[in-house]
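Have a look at the structure first, then read on.

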Amino acid sequence: MATRKRESQDQDARVIVHDEDGQFHLTNGLISYIMKVDGEGKLLNLYFGQAVADRESFAHLIELQHRPTATCRIEGDMTYSLEHLRQEYPEYGTGDYRQPAISVRQENGSTLTDLQYLDYETIEGKPELEGLPATRAGEDEATTLRIILRDGLTGLKVALNYTIFDGSPILARSARIINEGNQHLVVERAMSLSLDMPDSDYDMTIFSGAWARERHPHTHHLHEGIQEISSLRNASGHFLNPTAILSRPGTNETMGETMGIGFVYSGNFDLHAEVDTYRVTRIQTGINDANFAWRLAPGQDFQTPEALVSCTTGGYQAMSQAFHAMVRDHLIRSPWNKRARPVLINNWEATYFDFNEDRLVSIASKAKEAGIELFVLDDGWFGSRNGDTAGLGDWIPNKERLPRGLTGLAKRINDMGMKFGLWFEPETVNKDSDLYRAHPDWAIHTPDRHMNHGRNEFLLDFSNPDVVENIYRQMHHILSTANISYIKWDMNRFVSEGFDTTRGPQSQGEFHHRYILGVYDLLQRLLDAFPDLLIEGCASGGGRFDMGMLYYTPQIWCSDDTDAVERMKIQYGTSFFYPPSAMGAHVSIVPNHQTGRVTPIRTRGNVALFGTFGYELDLGTLSEEDMEEVHRQVAFYKEHRQVLATGSFYRLRAPYGNHRCAWMVVSEDRRTVIIGDYTILLEPNGPYTSLKLQGLDPQADYRITCTGPSTIQGLTLRGDELMRVGMVDSDAASGEMGGVNPLGSTKDFDSRLFVLQAD
Ligand code: GLA
């Protein structure tokens, strides 16, 4: 990585610096991000949006106006007020009454700082953020601009990092807070991104939900004041995902200017938009400052996690495409980022805790017959884990269930020609476990206070390196003794009574972040030791589905809800920021265990195919007809999995409150297209409908095949027609003539796949 000072004013550079004017312009032909140091040494934001040509000075974009009641900086001057200047890293107490990006308590109790521009450097590529997940890029792919601000009185420095990537409308940001003074400082707030946009005419879309209904999109128009999503669970949580969209009113999937914000972190977060008196919108995301206080002795520093922000004009779709590519190409660190994933079978919903080695082998062998490649043993294989009250923390095979241990079971599975995968919940402990009996102090607790449980479990104090080391050793041993190619990393409760028992009273505000650093450390160490290991993240389903975890775990169990209809909603919402290859999706039994709903196996498969595909049932319980369908599904997935893993995903018809849902994937070479077309509740005698496809080669001829009834079966149609006129997918079942209609008899929860192939 080459570090360069004084970047040229070369118009082809990703970072154009006009030194004499203190102006910085990051641009790549897609976006422009322009900042300027003003006469007071403050770093201001002048513009973020679609690319604009560079010019010597954009200083005219700074509007200094006399605003009655404004708190002004320069005596005798009524126009310079930080209350209405758009700043890059605003502070408390400066006359700017909006949320600060940083707040640092000093020895005299004050949190007032006055950060002034000091210096900058440009770095080809992207430096890693030590101990934290973050996007990565080589010298030929990205440039990082680092701007240093300094508070003269305390010696506090802030290094703001901005990375611009070739071919991506996404900018990566983070900040490093450095104590170069000689007093002890406490960082009480340090945002990863703070961005002041000049107006507030935006709709804000957030992704909220609960266990079993994660990440449903909800949109509202911005109003004055703060609109915030956050988590204090020390996990991103089921409730609010650390992502949001700000879009111009009227934006739809294909049209409209959109900003996407994603936080690369898995713990307590805050993401908000604050509209001020002058309708300026301040967007911030970072570690939640509640219960946060990080001590910095002289010489120490603190690195914030990374935040990503995009600007695109092609509607939600363009934003999603950009984030999917960023996740696949720059975020996921594992070699699995673009690899097709194995078809798996997981025993959880088939057996829960009721299994032994023979039962597992029988489930696996039936799966093998259908072409399934990986058998995953879920909860219950270890310690005294016969139910959910005991065993967590003791990662030793349960000899009653598995008399030949994991080695014996893995060998039987491997001998069948299948790979073997295993469930862990590394961060948790039951009181009824040898680990807890030996180290009761390792469970998170506040001395002399009541301990709440979640599903009878307690969390281990991952802020304590001894705890992480213990779990690392246990897991390393298991992964070294049996042939294990995949693990499911679960986490089924959230932090309460957070307390650091090893570092003393001054460190309590560091606890939550240190816990997350411990989780990342364990993941990193395991991947260093077993680089090819495929890890699937999970937290009671999709309770920790975020870009921080995706760095280590290229796929995450999307939700415990495996009902096909609910899954359409969950996967649809998840797809705004995360690609299908990140979404664990399984076919399970009916009546569905979460909703009681009965959907055809065809539809359960057709939904799960647009994720990392697998099964979670005993195939031995299926009818012959359903088993034939399973064989077809597995064969279909294997034929198309590379396209499904690396193709471009487009949402076509939203499942919320609708009768139907549709989405599609287009291969990188645009020759293969796979469309999932779903009926939720049949609309009798419904309208004529068509799907306007996207991302096709307009000049190519696509031959259409459909797995269900369709009036266009076998036709060859051109890409331009399919995108502009649309692909007919009317579903006109009325039933009046006993179900006879041109399309066959469509029913509730029915579905079909279209495959379009160009030569
Ligand atoms: C969580 C996961 C499930 C399963 C169980 C096992 O709920 O989300 O998939 O692994 O734990 O206890």
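Cysteines first: there are 0 disulfides in this structure, which is a predicted model. Take cysteine 558, which is in no disulfide: its nearest cysteine sulfur belongs to cysteine 538 and is 11 Å away. A disulfide needs the two sulfur atoms within 2.5 Å, so that 11 Å gap rules one out for cysteine 558. Cysteine 558 is also buried, at a relative accessible area of 0%. Cysteine 72, on the other hand, counts as partly exposed because its relative accessibility is 28%.

On to the rings. The model has 33 aromatic pairs. One of them joins phenylalanine 323 and phenylalanine 577, edge-to-face, with 4.8 Å from centre to centre and 65 degrees between the planes. What does this pair tie together? Phenylalanine 323 sits in helix H1 (residues 315-331), while phenylalanine 577 is in the loop between helix H9 (564-574) and strand S30 (583-588), so the contact links parts 254 residues apart in sequence. Both partners are tucked away: phenylalanine 323 is buried at 0% relative accessible area, and phenylalanine 577 is buried at 1%.

A second pair is tilted: the rings of tryptophan 395 and tryptophan 423 have centres 6.2 Å apart and planes at 55 degrees. Tryptophan 395 comes from the loop between strand S23 (374-377) and helix H4 (405-415), and tryptophan 423 from strand S24 (residues 419-424), so here the parts tied together are 28 residues apart in sequence. These two tryptophans are buried as well.

Arginine 401 places its charged end over the ring of phenylalanine 355, 4.7 Å from the centre. Likewise, arginine 525 lies over the face of tyrosine 472, with 4.1 Å to the ring centre.

Finally, the ligand. It has 13 residues around it, and those that come nearest are Asp378, Asp379, Arg455, Lys488 and Asp560. Here are some side chains with an N or O atom facing a ligand oxygen:

| Side chain | Distance to a ligand oxygen atom |
|---|---|
| Aspartate 378 | 2.6 Å |
| Aspartate 379 | 2.6 Å |
| Tryptophan 557 | 3.5 Å |

How much of the ligand does the protein bury? Taken alone, the ligand exposes 310 Å², and the protein buries 96% of that.

Note on methods:
Residues numbered from 1 in each chain as written. Predicted model: local features only at pLDDT ≥ 70, side-chain atom pairs only at ≥ 80, totals over all residues. Heavy atoms only, no water. Buried < 20%, exposed > 50% of the residue type's maximum accessible area, 1.4 Å probe, protein only. Phe/Tyr/Trp six-rings, centres within 6.5 Å; stacked < 30°, edge-to-face > 60°. Helix = DSSP H or I, 4+ residues; strand = E, 2+ residues; numbered from the N terminus. Lys NZ or Arg CZ within 6 Å of the ring centre and 35° of its normal. Near = heavy atom within 4 Å. Polar contact = N/O pair within 3.5 Å; in protein donor to acceptor, adjacent residues only side chain to side chain. Areas by Shrake-Rupley, 256 points an atom, 1.4 Å probe, with all protein chains shown as cover.
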